[in-house]
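Thanks for coming. I'll take a few minutes on one structure, so please have it up on your screens.

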Amino acid sequence: MVVGELQNKNLGIASIGDDYAAQYGFHDAEDYFHKSPKGLSHEVVEMISRLKNEPEWMTKFRHEALDIFLAKPMPQWGNTELLNSIDFSDIHYYVRPTEKQGRSWDEVPENIKKTFDRLGIPEAERKFLAGVSAQYESEVVYHSLKEDLRKQGIIFLDMDGGLREHPEIVRKYFSTVIPPSDNKFAALNSAVWSGGSFIYVPPGVDVKIPLQAYFRINAENMGQFERTLIIADKGSRVHYIEGCTAPVYSTNSLHSAVVELIALEGAYIRYTTIQNWSHNIFNLVTKRAMAHAGATVEWVDGNLGSRLTMKYPCVYLVGEGARGEILSIALAGDGQHQDAGAKVIHAAPRTSSRITSKSISKAGGRASYRGLVKIYPHAHDCRVSVECDALLIDGASRSDTYPTMEIDAERVRVEHEARVSKIAEEQLFYLTSRGLTEDEARLLIINGFIEPFTKELPMEYAVELNRLIELEMEGSVG
Amino acid sequence: MSDRKNVFAFYDIHVEIEGKEVVKGVTLEIKPGEKHAIMGPNGSGKSSLANALAGHPNYRITSGQAYLAGKNLLELDATERARAGLFLAFQYPLAIPGVTVANFLRTAIKASGGDEERLKNFRKELLEKFKLLDIDHSFAARYLNDGFSGGEKKRIEILQMAMLKPLVAILDETDSGLDIDALKIVSHGINTFAHKDGGVLLVTHYQRILNYVKPDRIHVMMDGRIVRSGGPELALQLEEQGYDWLKIEPAGVGGR
């Protein structure tokens, strides 16, 4: 059966398992598991791969990754206390899409629904965001967009679909930026990945509108172990937007995604993420980009919610004249630790990078900036600019910076600035004397603080983000 | 006082900062459209008076009364005083990085209960005021006071006054740091405001601005008290003779 036919019948990948069952003699799809049993083993990995009907090399890749995961110790840095509290045997590593879509709106917690209301997110989108079955498929917008992309030769699929329909491209690039051995969580993702986006932009093609994850619906968008691969071929341009400002509700407590970007000569990729996880989530993500000669990669990364986030978007500047930019904000509230930052590796001459990190800590939350800039000896004439700005809303909150610079080349210009600030009483008085309440004044100052970030977002996201921060700040100050 | 429409009046105001009394009983009444100036040397308590009246939390009013349009200001916090129609132009306006002048003004108008109609005409009104105060349009998109020169900040304070349309404006040393051209423009803004029935309390220690903003009354403040009040001629006398001759005068003349 051809996958295109499947989609035409509105079955989508949710039915892949059914197809597999029919082909290989499972008579009743219901007999097959909807959820993998708790815990991680080679059997589980084998089942996931077989269920998806993957090629042999991917199955092998998963098994090898699992061995690496099992052998690797937990990282000895970051919030080790929280990391060590993860019980890997208490997690379902695969949940079939049908199962997820079966969740009803009634099961979504009241506070999440309320936030949707207040953010003014349309009904259909809310259900999608909350993990309730998606209804976008019939939408005209979505179809015409898909047709447009197809005409330009742009491939935009979920990762599983990418592997099925374009195995040669996937095999060439998959895991070349982030090998399973990179870190324990990358290994975990490699073993059990599911969902995520696959994008290929042909040489010279400029994708005019941002590609957004929620355009592709009939897929596992919010997987625990998403795997995204974007390849921008020579001279092409693409902007991808992941997530949204609405809280992502999930019953799963561990999310560990891997995102690989490859910008070939002269290409441009911007990857925008705004994530607002529910407060029980461990969000441990590996994001890395390879920028070839003259290419530009920009990570725009917003982190809200979660219990612990550890995320350091990285750019490898491997070709002369490549440019990397990482712009991030983190908001850490009560009981939260946002350990976020950036990594840039200058591995070619005349490359440049800019890191701008902004964090807000409130109500006892903790925001850490952790960054690495490395310049190899042959990478002369590089430029680096790092700016870390932390804003503390109250005395109970905490901010730390762990910047590392390893510079082994000559003729390098490095600028580094780090600031921790509090909202000054005089600033509050100034704004209250103009009729704002103290809470309104604080919010205005905070919105101003993150303005360098929000101005890079598409308008609707910027508006949502500001409103979201307003909700987050409610009751926590004043 | 509650029967007197839009009058700004305070009686026997005493102000303490960090336990030290810096204003020792000051009384004034400003009617709509009236311009008053408080003059005095450094440390005479005039800025403390201005900040205390606007509700600065560090300036404690220990006794006295203050009313605006019949509202008892001392029962209100800074936000509520602003919403009641009191405006303070700061001596040292603060920067709010990331917040544009236009966005800030829109937020402030909304906060003070500006209706839909006002917000709809916001852009047009802002451009008019820019013209009135000879401010370049590019300031609408610049971050409030962030990297502004001293003179630019003062001009933006007057812009805020013009946009927020308070009943009364206390201008704390708005003239300091202005060159003569800027002084004329700022004065024009103040006169326009007063002409539309705004009450003005100008706090300054230079006579210079009074060449352009002709006050109805001048009050001389020394050591926390008003030691003399008079008409515009008092300013000239101060210009010629300085403050010293007043030091021997008995304190507590007060009022008008």
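**The sheet in chain B**

I'll start with strand 4 (residues 59-68) of chain B, which two bridges join to strand 5 of chain B, the two running antiparallel. One of the bridge pairs B:L68 with B:K71 of strand 5. Strands here are DSSP runs of E of at least two residues, helices are runs of H or I of at least four, and both are numbered from the N terminus. Two strands count as paired if DSSP finds at least two bridges between them.

Before going on, some housekeeping. This is a predicted model, in which local features need pLDDT of at least 70 and side-chain atom pairs count only at pLDDT 80 or more, while totals for chains, interfaces and linings use all residues. Residues are numbered from 1 along each chain as its sequence is written, and chains are lettered from A and ligands numbered from 1 in the order in which they are written.

Back to the sheet. Four strands of chain B make an open sheet, in the order 2-1-4-5, with antiparallel pairing. At the edges are strand 2 (20-30) and strand 5 (71-72) of chain B, each pairing on one side only. Helix 1 (residues 46-54) of chain B lies across strand 1 (8-17), strand 2 and strand 4, at about 110° to strand 1. That angle is between N-to-C directions, on a scale from 0 to 180 degrees, with axes fitted to C-alpha atoms, for helices over the stretch in contact.

One residue to look at in strand 4 of chain B is B:A66. Why does B:A66 count as buried? Because 22 other C-beta atoms lie within 10 Å of B:A66. The cut-offs are 20 or more such atoms for buried, 12 or fewer for exposed and partly exposed in between, with C-beta atoms placed from the backbone. Leaving out residues up to four places away in sequence, B:A66 touches B:F10, B:I13, B:L53, B:L73 and B:L74. Contact means C-beta atoms, placed from the backbone, within 7 Å.

**Where the chains meet**

Between the chains, 21 residues of chain B are in contact with 18 residues of chain A. Which elements of chain B give two or more residues to that side? They are helix 2 (78-84), helix 3 and helix 6 (150-164) of chain B. Helix 2 gives the most, with four residues. By type, the chain B side divides into 14 nonpolar, six polar and one charged. Nonpolar covers Ala, Val, Leu, Ile, Met, Phe, Trp, Tyr, Cys and Pro, charged covers Asp, Glu, Lys and Arg, and the others, Gly among them, are polar.

An example is B:T107, in helix 3 (residues 101-111) of chain B. B:T107 touches A:L436 and A:L444. B:T107 counts as buried because it has 21 C-beta neighbours inside 10 Å.

As for chain A, it has 16 helices and 19 strands. Of its 478 residues, 50% count as buried.

**Confidence**

The model scores ipTM 0.94 and pTM 0.82.

Definitions and conventions:
Contact = placed C-beta atoms within 7 Å.
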